[in-house]
Amino acid sequence: MENVKIAANTSPVQFNKKKLTPSQIATKTVIYVVTILISSLFFLPFLYMVYGSLQSTADTVVTWPLVAPSLKNIGNYAEAIRVMNFFNSLKNTLIILFSSTLLQVASSVLVAYGFARFRNKYTEPLFMLLLSTMMLPWIVTMVPSYVIYAELGFISSSSSLVKMSPLIISAISGSAYNIYMLRNFMRGIPKSIDEAAEIDGCSSLGILIKILIPNMKPIIATMLIFAVKGGWSAYVGPSIYITDQNLYPLALSIGLFQGNNSSTELHWQMAGCTLYCLPLLVLLFSAQKVFMRGIVTTSVKG
């Protein structure tokens, strides 16, 4: 009994703890230091952007030696919000972002479900045809797409929602890369689960919604992160289809600082860029665990 009591009170960590040798400690220290230095290089532009947003004039942004930032210049952000028409631009960004992301993820899941579970002699050729679109640069279809939307009347429409629709409708076709990931993930889920659900009277759509999608939460979350990042930072598409400043998303509103003048107020522009980047940084850092879980799950299932 005494032995049992000792074993019960002994932490398992004591048995699994491995003491590192001095050489291993030195190696890990070097790796951590190099990793921190490299990460700092990537983070340096963001720090400089924040530094520039807290300067008094545009001249102090580019002077050397650098002038210390001051919270007294927090009014730069208010000026950036005014020039960018920030809240209206944010509304336009969210409309485009949520609509396109929802359509892209939903269509990708449905198409991947068809390729993974409904198989016939045309399944593999059609899937290869779908994957071949990944080798086609998007810039090749940019002009034909614009012509099609112009002929349909989207570009010249008086409705603001219709003018933004080319940026939303294009997401209906989904993403070949997302479909590829989802299809491989679904094929890793035993089909016997589907058969058992069919015996219980579950439809094909019910199997997808009630069985497969709950098991695909990590990979769907990863897709959402990529879709939100791409939609938030999209610049070329909105610059082509949107000409009305009242419909500008945030990515285009930053260009309003230039206006009709050749000079740019850099301290205001950097304040606007900081406001633009902060939501995306918060999303990426807060969703880091979900993102990593989705990447690992996808690699294992694939």
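Colleague: Among contacts in the protein between residues at least 6 apart in sequence, what share join residues at least 24 apart?

Modeller: That share is 74%. Keep in mind that this is a predicted model.

Colleague: How many helices and strands in the secondary structure?

Modeller: It has 16 helices and 0 strands.

Colleague: And what percentage of the residues is buried?

Modeller: Buried residues make up 33% of the 302 in the protein.

Colleague: What about the accessible surface?

Modeller: It comes to about 19,000 Å². Carbon and sulfur atoms account for 68% of that area.

Colleague: Which elements give two or more residues to its lining?

Modeller: There are helices from several parts of the chain: α5 (86-117), α7 (142-151), α8 (160-169), α9 (176-187), α12 (217-232), α13 (236-241) and α14 (250-253).

Colleague: How many residues line the largest pocket, and which lie nearest its centre?

Modeller: The lining has 45 residues. Nearest the centre are Q104, W138, S170, A171 and G174.

Colleague: How does that lining split by class?

Modeller: The lining of the largest pocket has 30 nonpolar residues and 15 polar ones.

Colleague: Now the packing. Which residues in the largest nonpolar core touch the most other members?

Modeller: V109, L182, M186, L212, M216, I219 and I220 do. That core has 24 residues.

Colleague: Which helices each supply at least two residues of this core?

Modeller: α5, α6 (123-132), α9, α11 (204-215) and α12.

Colleague: What other core lies apart from it?

Modeller: Another one, of 15 residues. L54, L97, L250 and L275 are among them.

Colleague: Let's look at single residues. Where is A271 found?

Modeller: A271 sits in helix α15, residues 266-286.

Colleague: Why does A271 count as buried?

Modeller: Because its relative accessible area is 0%, and the cut-off for buried is under 20%.

Colleague: Which residues does A271 touch, not counting those up to four places away in sequence?

Modeller: S53, N76, Y77 and A80. I74 is 197 residues from A271 along the chain, yet their C-alpha atoms are separated by 8.9 Å.

Colleague: One more. What is the phi of N85?

Modeller: Positive, about 50°, although N85 is not a glycine. N85 lies in the loop between α4 (75-84) and α5.

Colleague: Why does N85 count as partly exposed?

Modeller: Because its relative accessibility is 38%.

Note on methods: Residues numbered from 1 in each chain as written. Predicted model: local features only at pLDDT ≥ 70, side-chain atom pairs only at ≥ 80, totals over all residues. Heavy atoms only, no water. 1 Å grid on protein atoms, 1.4 Å probe; cavity = no way out; pocket = protein on both sides within 12 Å on 5 of 7 lines; lining within 4 Å. Helix = DSSP H or I, 4+ residues; strand = E, 2+ residues; numbered from the N terminus. Nonpolar A, V, L, I, M, F, W, Y, C, P; charged D, E, K, R; others polar. Core = buried A, V, L, I, M, F, W, Y, C linked by side-chain atoms within 4.5 Å. Buried < 20%, exposed > 50% of the residue type's maximum accessible area, 1.4 Å probe, protein only. Contact = heavy atoms within 4.5 Å. Areas by Shrake-Rupley, 256 points an atom, 1.4 Å probe, with all protein chains shown as cover.
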